[in-house]
Amino acid sequence: MKQDHNIRVVMFDLGNVLVDLGDVGEMHAMLNTQGEESEVWRQWLQSPAVAAFDSGRISFDAFADALLEEVASNTDKYTFMQAFEAWPRGLYAGALALVDQVKPEYHRAILSNTNAAHWPRLMGEMGLAGHFHHYFASHQLGLVKPDRAVYEDVLRRLGVAPQEVLFVDDNQLNIDAASALGIHAHRVKGVIEARQVLTQYQVLAQ
C-alpha cells in the first residue's frame, strides 16, 4: 500500500489493541455467558448497562447493580466491582513505542469505549497520558462505539474529513461503523497487528 497523503490522524482503540484485556474466560465470568469471543463482545457492546456506564450516564456502583441483574449473575457486587476495576491487565509490550513511532506530522488520538473505573488506570498507572494529541473517551463524550454519532463527533472535534483518519480497533462492529463513514478503519488485535497496518500506510518513522 502506498502512502496515503490524505491521512492526517492516526487513531487507536485501547482494549485489545494497546491494552491487554486478558482472555475471553474473564469476559464469560462477568457476563455469565458462553460462546465464541466475537459473540461475547457483541453481547458486551449491546448491553444497556455497559452502554450507560461507558457513556457516563450512571455511576460505577449503579453499573454493577444493573449489569449483574441484566445477566442474572449471583456474583457478589463488590467482588465484581474489584474484578472489573482490575480487568485491564496493562499495556502490551511495545505499545507506547508504537504510538511514539508515529511520524510527527500525524495527529495521534485515542477513541475508546471506557469508563470512570478504568480511565484513571489507563492514563496514570499504564502511562498513556502525554502520548496523544487527543483523548476521546466514551464516558467523557457521552457517546459509545459503534454508534455513528461518536465517529461524527470525533471528526467534528478534530476538524477533519473521514478519509483523513486511519483507525485501528479490535471489534468488527466498530470497524464497520467507521468504514461506513469513509474512515480508513482496520481490525487488529495487539501491537503486532496494529504495527502491520500502520506500516502499510507508511505513518511510522523508521
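Contact here means heavy atoms within 4.5 Å. The model under study is a predicted one.

**Exercise 1. Determine which elements the buried residues of helix 9 pack against.**

Step 1. Helix 9 covers residues 148-158, and its buried residues are V150, Y151, D153, V154, L155 and L158.

Step 2. These buried residues pack against strand 1 (9-12), strand 4 (107-112), strand 5 (134-137) and strand 6 (165-169), and also against helix 8 (138-141) and helix 10 (172-180).

Step 3. Directly after helix 9, G159 adopts a positive phi of about 70°.

**Exercise 2. Classify the packing of helix 4 and helix 5 by the angle between their axes.**

Step 1. Two packed helices are described by the angle between their axes and by the distance between the axes.

Step 2. For helix 4 (residues 60-70) and helix 5 (residues 77-85), the angle is about 110° and the axes lie 10 Å apart.

Step 3. Angles of 65 to 115 degrees count as roughly perpendicular; helix 4 and helix 5 are therefore roughly perpendicular to each other.

Step 4. The crossing of helix 4 past helix 5 is right-handed.

Step 5. On the helix 4 side, the contact involves F60, D61, F63, A64, D65, L67 and L68; on the helix 5 side, K77, Y78, F80, M81, F84 and E85. Sorted by class, this contact holds nine nonpolar and four charged residues, with no polar ones.

**Exercise 3. Identify the residues that touch the most other members of the largest nonpolar core.**

Step 1. The largest nonpolar core has 47 residues, of which F12, L18, F63, F84 and L198 touch the most other members. Helix 4 supplies the largest share of this core, five residues.

Step 2. Leaving aside residues up to four places away in sequence, F12 touches L18, L98, V99, V102, A109, I110, L111, F132, F167, V168 and L198.

Step 3. A second, separate core comprises 20 residues, including F136, V154, L181 and A185.

**Exercise 4. Decide for S138 and for E69: buried or exposed?**

Step 1. S138 is located in helix 8. Its relative accessibility is 1%, so S138 counts as buried.

Step 2. Residues up to four places away in sequence being excluded, S138 touches D54, S55, S112, N113, T114, L143 and V144.

Step 3. E69 belongs to helix 4. With a relative accessible area of 67%, E69 is exposed.

Step 4. Along the chain, E69 and A49 are 20 residues apart, and their C-alpha atoms are separated by 9.4 Å.

Definitions and conventions
Residues are numbered from 1 along each chain as its sequence is written. This is a predicted model: local features need pLDDT of at least 70, side-chain atom pairs count only at pLDDT 80 or more; totals for chains, interfaces and linings use all residues. Side-chain values use heavy atoms; hydrogens and water are left out. Axes are lines fitted to C-alpha atoms, for helices over the stretch in contact, and angles run from 0 to 180 degrees between N-to-C directions. Helices (H or I, at least four residues) and strands (E, at least two) are DSSP runs, numbered from the N terminus. Angles under 35 degrees count as roughly parallel, over 145 as roughly antiparallel, 65 to 115 as roughly perpendicular and the rest as oblique. A crossing is left-handed if the near helix is turned anticlockwise from the far one by less than a right angle, and right-handed if clockwise. Ala, Val, Leu, Ile, Met, Phe, Trp, Tyr, Cys and Pro count as nonpolar, Asp, Glu, Lys and Arg as charged, and the others, Gly among them, as polar. A nonpolar core is a set of buried Ala, Val, Leu, Ile, Met, Phe, Trp, Tyr and Cys residues joined through side-chain atoms within 4.5 Å. Buried means under 20% relative accessible area, exposed over 50%, partly exposed in between (1.4 Å probe, protein chains only).
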